[in-house]
Amino acid sequence: MAGSPCLPVLVMESYEINRETVALVPKDNKTVVYEEDSSFMVDKTPLEILEDSCEYFGSSLQGRQTGTTKLVGFTHKVPVIVEESFDLIFFPTLSPKNKMCSWISYSHILKPDKFKNKTILELKNGKKIIVDTSTAIIDNQLYRCSRIKDILKTRKKEILSKSKYNEKN
């Protein structure tokens, strides 16, 4: 990941986000996909991969963004719940309309560290990725994702407790 001078050689035509997906980073109208133990190129932009993945899991990117806005009130650089049973929450590093926007998986980030005007993302598996975004923006996006996750967790508990109450009555 960080420090590796070579880009992946393998180029895939399509890709669906999964639990091992760490980041989608734009490169020459394609995407470098970082997974826990590998990286490769996909012949689509990060936004196209995100849109395809949302559709694969039964929604649309716009629907997911609208849902997040209704859930927590965020309107700009909205994190997206790609798939909720596995907590696949991704956040944009810039405006999603910006071609240089990367999408990062919330669940894989251990901590961000400042590096000049960029950020080094230290991952839970010990690897690192450098993103061309300020640490303040990354910190804010991580906070937003934690709010989304907390609200979803609370609502799931409410649904479970209501269903247990209904079973008893």
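These exercises cover ring contacts and nonpolar cores in a predicted model.

**Exercise 1.** Classify the ring pair of Y56 and F57: stacked, tilted or edge-to-face?

*Solution.* 
- A pair of aromatic rings is described by the distance of the centres and the angle of the planes.
- Take the distance. The ring centres of Y56 and F57 are 5.1 Å apart, and the cut-off for pairing is 6.5 Å.
- Take the angle. The planes of Y56 and F57 stand at 85°, and over 60 degrees counts as edge-to-face.
- Y56 and F57 are therefore an edge-to-face pair.
- The model holds two aromatic pairs by this rule.

**Exercise 2.** Which ring lies under the charged end of R144?

*Solution.* 
- The ring is that of F74.
- The charged end of R144 is 4.5 Å from the centre of that ring.

**Exercise 3.** Describe the largest nonpolar core and find which element gives the most to it.

*Solution.* 
- Count the members. This core has 25 residues.
- A23, Y34, I104, I129 and I148 touch the most other members.
- List the suppliers. β2, β3, β6, β9, β10 and α3 each provide at least two residues.
- α3 gives the most, with six residues.
- Beyond its neighbours within four places in sequence, I104 contacts residues including V22, A23, F91, L121 and V131.
- Look elsewhere. A separate core has 16 residues, including Y15, L24, L50 and W103.

How values were computed: Residues numbered from 1 in each chain as written. Predicted model: local features only at pLDDT ≥ 70, side-chain atom pairs only at ≥ 80, totals over all residues. Heavy atoms only, no water. Phe/Tyr/Trp six-rings, centres within 6.5 Å; stacked < 30°, edge-to-face > 60°. Lys NZ or Arg CZ within 6 Å of the ring centre and 35° of its normal. Core = buried A, V, L, I, M, F, W, Y, C linked by side-chain atoms within 4.5 Å. Buried < 20%, exposed > 50% of the residue type's maximum accessible area, 1.4 Å probe, protein only. Helix = DSSP H or I, 4+ residues; strand = E, 2+ residues; numbered from the N terminus. Contact = heavy atoms within 4.5 Å.
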